[in-house]
Amino acid sequence: MERKERPFDVIGQLAALRRYARSLVRNSDDAEDLVHDALVRAFEKKQSFRSGGNLRTWLLSIVHNAHIDRVRQGRSLTRRHDEAAVEAEQSLPAGQEHAVRLQQVRNAFFHLPEEQREALHLVAIEDLSYQEAAAALGVPIGTLMSRISRARAQLREFEEKTPRASHLRVIEGGGSEAS
C-alpha cells in the first residue's frame with residue numbers, strides 16, 4: 001500500500017522549523033514560541049501556498065518573517081519604555097525618602113517580565129477593563145488575569161523584602177538636664 005504524500009504536511013517539517021528557530025533566537029523556549037507563531041500564520045495563509053511549491057522553504061520563510069516581526073516589536077517596545085522612563089523622570093521631584101521609594105517601586109515594575117508589565121500597566125495605569133486589556137494585548141482574558149496576578153505577587157514580594165524608612169526617630173536626652 002503506497003502512502004500518498006499530502007501537499008500541506010507541516011508535521012514532517014517541524015524538526016527543520018525548530019532547528020532554524022533555535023538558530024535565530026538561541027533559546028529553546030523562545031524557539032518553540034516562534035515555531036508556534038509561524039505555524040499559526042502558515043495555517044491562516046494556507047490558501048497562498050501553491051500546491052506544487054516547496055513547503056519547507058515556504059514555512060522557513062514564515063519562521064524568518066515571524067522572527068523579524070518579533071525583533072521589530074521588541075525594539076519598538078524598548079523604545080516606548082525608554083520614552084516612558086524619560087517622561088517619568090521629568091515629573092516634579094518628591095521628598096527625598098518618597099523619591100527613593102518611588103524609584104525602587106519603579107525599578108521593580110520595570111524588572112517584571114514584559115508580558116506581566118504590559119498587562120499590569122494597561123489595567124492599573126491606563127485604567128482599562130480586563131476585557132479591554134486582553135483585547136489590546138491579543139490574549140485570552142484568563143491569560144491576562146494570570147499575568148496581572150503574577151505581577152502583583154512579585155511586587156508584593158518586593159514590598160515585603162524592602163525595608164521602609166521610618167518617619168519617627170527616637171531622640172535621647174531631649175530634656176533640660178545638665179551634663
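Accessible area here comes from the Shrake-Rupley method with a 1.4 Å probe. With that in hand, I looked up the whole chain before anything else, keeping in mind that this is a predicted model.

**Entry: the chain as a whole**

I found an accessible surface of about 13600 Å² for the protein chain, and 51% of that surface belongs to carbon and sulfur atoms. Of the 179 residues in the chain, 25% are buried. I then turned to the secondary structure, which comes to seven helices and zero strands, so that, by the way DSSP runs are numbered from the N terminus, the pattern along the sequence reads α-α-α-α-α-α-α. For the contacts in the chain with a separation of 6 or more, I noted that 60% are accounted for by residues 24 or more positions apart.

**Entry: helix 1 and the residue after it**

Next I asked which residues of helix 1 are buried. They are Leu14, Ala16, Leu17 and Ala21. Looking down the axis of helix 1, I saw these buried residues fall within an arc of 160°, so they line one face of the helix.

Just after helix 1 comes Arg26, which takes a positive phi of about 60°. I wrote this down because most residues other than glycine have a negative phi. Arg26 sits in the loop between helix 1 and helix 2, and its relative accessibility is 75%, over the 50% cut-off, so Arg26 counts as exposed.

Asp127 is placed in the loop between helix 5 and helix 6, the latter covering residues 130-137. Is Asp127 buried or exposed? At 64% relative accessibility, Asp127 counts as exposed.

**Entry: the largest pocket**

I recorded a volume of about 880 Å³ for the largest pocket. Its lining is made by 24 residues, and those that lie nearest its centre are Asp37, Arg70, Gln73, Glu114 and Glu115. The elements that give two or more residues to this lining are helix 2 (28-44), helix 3 (55-89) and helix 5 (114-125). Which element gives the largest share of the lining? I found that helix 3 does, with nine residues.

I looked up Arg101 in helix 4, which runs over residues 96-110. Its relative accessible area is 17%, and since buried means under 20%, Arg101 is buried. I then followed Arg101 to Thr162, which is 61 residues apart from Arg101 along the chain, and found their C-alpha atoms separated by 9.3 Å.

For Glu159 I noted a place in helix 7, residues 141-161. Glu159 has a relative accessible area of 27%, which lies between the cut-offs of 20% and 50%, and therefore Glu159 is partly exposed. The C-alpha atoms of Glu159 and Ala108 are separated by 9.4 Å, although the two residues are 51 residues apart along the chain.

Key:
Residues are numbered from 1 along each chain as its sequence is written. This is a predicted model: local features need pLDDT of at least 70, side-chain atom pairs count only at pLDDT 80 or more; totals for chains, interfaces and linings use all residues. Side-chain values use heavy atoms; hydrogens and water are left out. Buried means under 20% relative accessible area, exposed over 50%, partly exposed in between (1.4 Å probe, protein chains only). Helices (H or I, at least four residues) and strands (E, at least two) are DSSP runs, numbered from the N terminus. The arc is that of the directions from the helix axis to the C-beta atoms. Contact means heavy atoms within 4.5 Å. On a 1 Å grid over the protein atoms alone, a cavity is a set of points where a 1.4 Å probe fits but cannot get out, and a pocket is an open set with protein on both sides within 12 Å along at least five of seven lines; lining residues have an atom within 4 Å of a point. Grid points are joined across faces, edges and corners, and a volume is the space filled by probe spheres set on the points.
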